[in-house]
Amino acid sequence: RDSQFRNKWWLFGRSRPELRAMVRGLRRYIATVETAKHRIFQFEDSAVLPEHKLVVIGSDDAFILGVVSSRIHILWSLARGAMLEDRPVYPKTECFDPFAFPTCDAAAQERIRKIAEELDAHRKRVQSQHPGLTLTGMYNVLEKLRAKEALSAKEKQIHDTGLVSVLRQ
């Protein structure tokens, strides 16, 4: 029934002008998959057009990335968000919009920025060096480490190639 879908079927259903305006002028933005076993935020290049299952935060500030990647925000989002079967859902209006960002002095903000940049770079670097390595696999191993569970041979390989202990730090 929708003429845009019918007549321009090869294009995205909606161009999302508010999203495009939000990321205009940024070299990157923060994104997370809406429904995922592990809540992982990362920078995406602004040339990447997000699809409808990505939650986009219109900021290129690593301080924001660091805060939303923090344990407190992850726990907040698990408590405030929804579930799809056994996977957490991150509704932005419930998890990001009402979240109380910490008030930090400039030095604390810079420390958080530095750590967030290192985290994002580390994950991207090990994935580019090992194309079969997934973030889900790395974070599954990380959760086992946190729970002090033994790792299988495959998990040990993921641990070693993904440098998962660095993620834990």
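Trp76 is partly exposed, at 26% relative accessibility; that class lies between buried, under 20% relative accessible area, and exposed, over 50% (1.4 Å probe, protein chains only). The model is predicted, so local features need pLDDT of at least 70 and side-chain atom pairs count only at pLDDT 80 or more, while totals for chains, interfaces and linings use all residues. Residues are numbered from 1 along each chain as its sequence is written, and side-chain values use heavy atoms, with hydrogens and water left out.

**Aromatic pairs**

Rings of Phe, Tyr and Trp (its six-membered ring) pair if their centres lie within 6.5 Å; planes under 30 degrees apart count as stacked, over 60 as edge-to-face and the rest as tilted. The count by this rule is 4 aromatic pairs. Two of them are set out below.

| Pair | Centre distance | Plane angle | Class |
|---|---|---|---|
| Phe41 and Tyr90 | 5.4 Å | 80 degrees | edge-to-face |
| Trp76 and Phe99 | 5.7 Å | 65 degrees | edge-to-face |

Both Phe41, in the loop between β1 (28-33) and β2 (42-45), and Tyr90, in the loop between β5 (87-89) and α5 (92-95), belong to a pair that links parts of the chain 49 residues apart. Helices (H or I, at least four residues) and strands (E, at least two) are DSSP runs, numbered from the N terminus. Phe41 is buried at 2% relative accessibility, and Tyr90 is buried at 1%. Trp76 sits in helix α4 (residues 71-80) and Phe99 in the loop between α5 and α6, 23 residues apart. Phe99 is buried, with a relative accessible area of 11%. One aromatic cluster is formed by Trp76, Phe96, Phe99 and Phe101.

**Nonpolar cores**

A nonpolar core is a set of buried Ala, Val, Leu, Ile, Met, Phe, Trp, Tyr and Cys residues joined through side-chain atoms within 4.5 Å. The largest has 17 residues, and those with the most contacts inside it include Phe41, Tyr90, Phe96 and Leu65. Two or more residues come from each of β3 (54-57) and α3 (62-68), and α3 gives the largest share, 6 residues. Apart from this core lies another, of 13 residues, among them Ile40, Val141, Ile158 and Leu167.

Arg123 is found in α6 (residues 106-129) and is buried, with a relative accessible area of 2%. A polar atom of the Arg123 side chain lies 2.5 Å from the backbone oxygen of Phe41. Beyond neighbours within four places in sequence, the contacts of Arg123 (heavy atoms within 4.5 Å) include Ile40, Leu135, Tyr139 and Leu167.

Asp120 is also placed in α6 and counts as buried at 5% relative accessibility. The side chain of Asp120 reaches the backbone nitrogen of Phe43 at 3.2 Å.

**Helix α8**

The buried residues of α8 (residues 153-162) are Glu155, Ile158, His159 and Gly162. They lie on the same side of α8, because they cover an arc of only 100 degrees around the axis, taken from the directions from the helix axis to the C-beta atoms. These buried residues pack against α6, α7 (135-146) and α9 (164-168). The face turned away from the buried side carries the exposed residues Ala153, Gln157 and Asp160. Leu163 follows α8 and has a positive phi, near 50 degrees.

Key
A polar contact is a pair of N or O atoms within 3.5 Å; within protein, one must be able to donate a hydrogen and the other to accept it, and residues adjacent in sequence count only if both atoms are side-chain atoms.
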